[in-house]
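Hi,

Here is the structure I said I would pass on.

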Amino acid sequence: MRRILVLNPKGGCGKSTLTTNIAAYFASEGRKVAIADLDPQQSSFDWLSRRPASAPEIRKATIHDGKLDAPRQTDLVIIDSPAGLHGKKLASFVSSSETMIMPLMPSIIDIAAAERFIEELYSLRELIKRKIKVATVANRVREDTLSAEKLDSFLSSMKLPGGKKLPFIAMLRNSQNYVKAAEMGLGIYEFTPSRTSHDREQLQPLMSWLSSSRSIPE
Ligand SMILES: Nc1ncnc2c1ncn2[C@@H]1O[C@H](COP(=O)(O)OP(=O)(O)O)[C@@H](O)[C@H]1O
Ligand SMILES: [Mg+2]
């Protein structure tokens, strides 16, 4: 079973939005998808409870004491996580998955916090007993204030403590489509096609990466 963790210690950066959109995308591709919502705010499970019966099914999974409990035959679990994770608890969350997606809002403050967070992850590598692939997604990018190219080159230059670059996979604009789709328990891919073509285009590199072996550790 494939596990994808959506994590960033900061609240409001788009963890639940990405969790539900990734889940809806793979469910609409015919995969058996479950969401584990480990955030006490339960935004992803609330979204599931609004999901219409006609939409491709997404089921609930749980994790207790590090043990994942998913419905039978699930092939993909997306894990939504709470804000404020650090230290041992962070290490145990990260150890739950092969792939980690980190949504990031494109402000200097958030990017600096994300760099420190990646440093913390490196410092915890003794506790994280598996290889994991990490990618960042810039979310809520306001196309009028910061040119996409500028942000792209800035994020691409973010260095990891080991000198490697942080893989930066997709850039998503700030759009009411995310808010409206979420209100209906849907993902962007399931929402008014004529209005969401730009958003679907922006999400595509993320979905392609998640579908490929590039997002799975060797
Ligand atoms: N790209 C986006 N465009 C517009 N609104 C967004 C976008 N991403 C997230 N939001 C909204 O921002 C708020 C916080 O996002 P959420 O996914 O709940 O963050 P987190 O789970 O990290 O706390 C929500 O109201 C959500 O609908
Ligand atoms: Mg959330």
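The protein's secondary structure comes to 7 helices and 8 strands; helices (H or I, at least four residues) and strands (E, at least two) are DSSP runs, numbered from the N terminus. Bear in mind that this is a predicted model: local features need pLDDT of at least 70, side-chain atom pairs count only at pLDDT 80 or more, and totals for chains, interfaces and linings use all residues. As for labels, residues are numbered from 1 along each chain as its sequence is written, while chains are lettered from A and ligands numbered from 1 in the order in which they are written.

Of the 218 residues, 35% count as buried. Buried here means 20 or more other C-beta atoms within 10 Å of the residue's own, exposed means 12 or fewer, and partly exposed is in between, with C-beta atoms placed from the backbone. Among contacts between residues at least 6 apart in sequence, 77% join residues at least 24 apart; a contact is two C-beta atoms, placed from the backbone, within 7 Å.

Ligand first. There are 16 residues around ligand 1, and Gly14, Lys15, Ser16, Thr17 and Tyr178 come nearest (near means that the C-beta atom, placed from the backbone, lies within 6 Å). Helix 1 (15-28), strand 7 (133-141) and helix 6 (176-183) are the elements that each give two or more residues to this shell. By type, the shell has 5 nonpolar, 9 polar and 2 charged residues, where Ala, Val, Leu, Ile, Met, Phe, Trp, Tyr, Cys and Pro count as nonpolar, Asp, Glu, Lys and Arg as charged, and the others, Gly among them, as polar.

Now helix 7 (residues 193-211). Its end C-alpha atoms are only 22 Å apart, whereas a straight helix of 19 residues would span 27 Å at 1.5 Å a residue (the expected span is 1.5 Å times one less than the number of residues). Where does helix 7 bend? At Asp199, by about 40°, taken as the angle between axes fitted to the seven residues ending there and the seven starting there. Thr196, Gln202, Leu203, Leu206 and Leu210 are buried in helix 7. An α-helix has 3.6 residues a turn, so residues three or four places apart point the same way. The buried residues of helix 7 pack against several elements, including strand 1 (2-6), helix 1 and strand 8 (168-173).

Strand 1 is itself mostly covered, with 4 of its 5 residues buried. Strand 1 pairs in the parallel sense with strand 5 (residues 76-80) over 5 bridges, with Arg2 opposite Leu76. Strand 1 also runs parallel to strand 6, joined by 3 bridges, and there Ile4 stands opposite Thr99. Pairing needs at least two DSSP bridges between the strands.

A few single residues to check:

- Gln42, in the loop between strand 2 (33-37) and helix 2, has a positive phi of about 60° without being a glycine. Gln42 is partly exposed, because 14 other C-beta atoms lie within 10 Å.
- Arg140, in strand 7, is another non-glycine with positive phi, near 60°. With 19 other C-beta atoms within 10 Å, Arg140 is partly exposed.
- Pro56 sits in the loop between helix 2 (43-50) and strand 3 (58-64). Leaving out residues up to four places away in sequence, Pro56 touches Ala27 and Ser28. Pro56 and Gly30 are 26 residues apart in sequence, yet 7.8 Å apart in space, C-alpha to C-alpha.

Cheers
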